[in-house]
Amino acid sequence: MIGGTCRYHNCKNLIRSVLQNHQRSSVILSKNSSLNTKSNSNSTKTFVRNASFAKDLTLGKLNMKWIHPYPTLENHEDLNELQQLADAVGKFFDEQVDSKKLDIDGCMDPDVMQGLKDYGLFGMQIPTKYGGLGLNNIQYARIIEEISRDGAVTVMLAAHQAIGLKGILIAGTDEQKEKYLPKLATGELVAAFALTEPSSGSDAASIQMKARLSDDGKQWILNGEKIYITNGGFADIMTVFAKTPYVDADGNSSEKVTAFIVERNFGGITSGKPEDKLGIRASNTCAVNFEDTPVPVENVIGEVGKGFKIAMQILNGGRFSMGSSVAGQLKRLVAILTDHIHQRKQFGKSLAEFELVQSKVFNMSLDSYAMESMAYMTAGQMDKVDSDGNPPDCSIEAAMVKIYSSEAAWRNVSECLQIFGGMGYMKDFPYERMLRDCRILLIFEGTNEILRMLVALSSLQYAGQHLQGRLRLLKKGTLRERCTSALDFMRDEIGRPHLGFLSIYNSAFSFDGYYSGEHWLSPSLNDEAKNLENITHLYRTRVYQVLKKYGKKIQEEQLELEVLADVAILIYAMSAVLSRCNKSIFLNLRNHDHERFMCKAFMAKSYREAYLLLERLTHDYRKEHTDIQKKVSKHILEEKQFPYAHPLDVPEDFQNHPDYIRQQQLIKANR
């Protein structure tokens, strides 16, 4: 009894202490928080079961269902067929696509368009029953590697199928699919995605285009303007988003976004002059105006008022392929670059003998390895479905791939041009065009700044829901539940003990949901796995600290959110690289021994980067840097100019100023 009473009172004190320390963490989940979603018991179980890799990271978990095994095709025959298609597409681009001419002309070559149609590339992911190739996401990513030989063609095809017709695929009726997909698959019809407006870029929910129902109720009448629409000058079919009147279940009236399938021949559609762009010049980008454009009611995609969700599903689903696209381009650049640096001689040696040049080639290869590892791991998850036939939500992971790949592309193509020197700057060579083409990657399909907020806030929302569940148990659970939850909180506060307690083989705390006496990981990668676990735990600790410090106000702390997003991206990349390398070692793939060194280098580099990033969330860093940065930025914005004196500025009588005279005297005395 004495022992039991003592444990009971200790447990009560523990619960009381933890409640006080973590009460603010649950604020982010208050009913009025914009990060909150419905969380009844059933939906919570479903949410946890279908949690994404990125969301689990906030709990310190590395989801083994993502990491192992690394995805691949089901059999070698499928792989051979895919490789044959990839080789044919690559050969077509090498022999038939003149990227320099496309860039100079600023428009697409009809022969190139016809070739793309002949190879079925307008219908890569359209099911075979509608005349498409029916590629899954892994197969699609592989073909995009080859298509990326030309940036403008890549963008044109992506606008057609990754976003232009995607709404019909994911939310269209059987009638809509049967009517439009066969002709879209052959390229007889070309699609576009019309969302952006003059007053709404990243803030897609703020679109102003209107659609009203006709008096007879048979048509929607569209009025408004869309800008920067890829394929907008010649697209036959457009997925268009407009505000429509909406009445909810309680009878409240408002305006909400609805998605429409709009044919150019409906009338009332005019396209503006093609934009004169920095890069991807052969792709058509222009404004599209809609004036009393009639759209049959049966051309609504999904439900009236549910268009914003469809728009986000379309955009979220296509971003992952940027990883394979950029990796394909960078791998080809590595081949060109290595040939050049072996031939080019300076100071009596080939460029290949200089360590600084070697470093640039190494970093380009390292980034290529990481981004394609992320892209194919994401594609493999997107190809899975649950018992109801629904794919998992991979929107955060796809955004991570897009951010990493686009920034690596800009960085590495610039370094490639640097190695080529003056020759790289000349239009006679393709490198300056590649640099111009890849700049758009950081902007379209969601700017990287917006996507970082998506990654961070979506993950924090999930962590906050988990914390709220714990707090609920602390307050209203059974004694055992309250003690267990309190101990969980204490473990979070104290930090993880030695690695043996939370080892890579312990499914309870680390690689969630997987344990086997036959360890899945090659012993040669154990140190890398330990670093992955360690940084994941530190990330989880910082997530909880940020939630406790800011509560729902975290949404305004964008510098902190940026750090959390960047660390999550690095951890995802580390996980993908580790899993891929492990597969190569066990299957004895080509150059797997050198691939292991590539993995080790990337894991060590990323671990250091992530650790230093997380230091930015400490009190000392905030005080010494972040707070000062905010103060200075505010001052500059208020001044609306660079507010500091020119380095040559002096007062008129500065020579008579006492401090100046004293300074001159000290200088003379020290000579």
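User: Why does K630 count as partly exposed?

Analyst: Good place to start, and keep in mind that this is a predicted model. K630 has a relative accessibility of 37%.

User: What makes K630 and E557 a salt bridge?

Analyst: The N to O distance between their side chains is 2.8 Å. The cut-off is 4 Å between a nitrogen of Lys or Arg and a carboxyl oxygen of Asp or Glu, so this pair qualifies. The bridge links distant parts of the chain, with K630 in helix 23 and E557 in the loop between helix 20 and helix 21, 73 residues apart.

User: Is E557 buried or exposed, and how do you know?

Analyst: E557 has 16% relative accessibility. Buried means under 20%, so E557 counts as buried.

User: Why do E415 and K360 form a salt bridge by this rule?

Analyst: Their closest N and O atoms are 2.9 Å apart, and the limit is 4 Å, so the pair passes. E415 lies in helix 15 and K360 in helix 14, so this bridge ties together parts that are 55 residues apart in sequence. Both ends are partly exposed: E415 at 28% relative accessibility and K360 at 23%.

User: How do you know that R142 and E145 form a salt bridge?

Analyst: The closest N and O atoms of R142 and E145 are 3.8 Å apart. That is within 4 Å, so they form a salt bridge. The two residues are 3 apart in helix 8, which means about one helical turn separates them. R142 is buried at 16%, and so is E145 at 7%. Across the whole structure, a search finds 27 salt bridges.

User: What makes the pair of F92 and F93 edge-to-face?

Analyst: This pair comes from a search that finds 12 aromatic pairs in the whole structure. The ring centres of F92 and F93 are 5.6 Å apart, with 90° between the planes.

User: Why is the pair of Y140 and F320 called tilted?

Analyst: The centres are 6.4 Å apart and the planes meet at 55°. Stacked needs under 30 degrees and edge-to-face over 60, so 55° falls in the tilted class. Y140 sits in helix 8 and F320 in the loop between helix 12 and helix 13, so the pair ties together parts that are 180 residues apart. Y140 is buried at 3%, and F320 is buried at 1%.

User: How do you know that the charged end of R540 sits over the ring of Y544?

Analyst: The charged end of R540 is 5.9 Å from the centre of that ring. The distance limit is 6 Å, and the charge must also be within 35 degrees of the ring normal. R540 is listed as sitting over Y544, so both conditions hold.

User: What makes N412 buried?

Analyst: N412, found in helix 15, has 3% relative accessibility. The cut-off is under 20%, so N412 is buried. Leaving aside neighbours within four places in sequence, N412 is in contact with L330, N363, M364 and D367.

Technical notes. Residues are numbered from 1 along each chain as its sequence is written. This is a predicted model: local features need pLDDT of at least 70, side-chain atom pairs count only at pLDDT 80 or more; totals for chains, interfaces and linings use all residues. Side-chain values use heavy atoms; hydrogens and water are left out. Rings of Phe, Tyr and Trp (its six-membered ring) pair if their centres lie within 6.5 Å; planes under 30 degrees apart count as stacked, over 60 as edge-to-face and the rest as tilted. Helices (H or I, at least four residues) and strands (E, at least two) are DSSP runs, numbered from the N terminus. Buried means under 20% relative accessible area, exposed over 50%, partly exposed in between (1.4 Å probe, protein chains only). Contact means heavy atoms within 4.5 Å.
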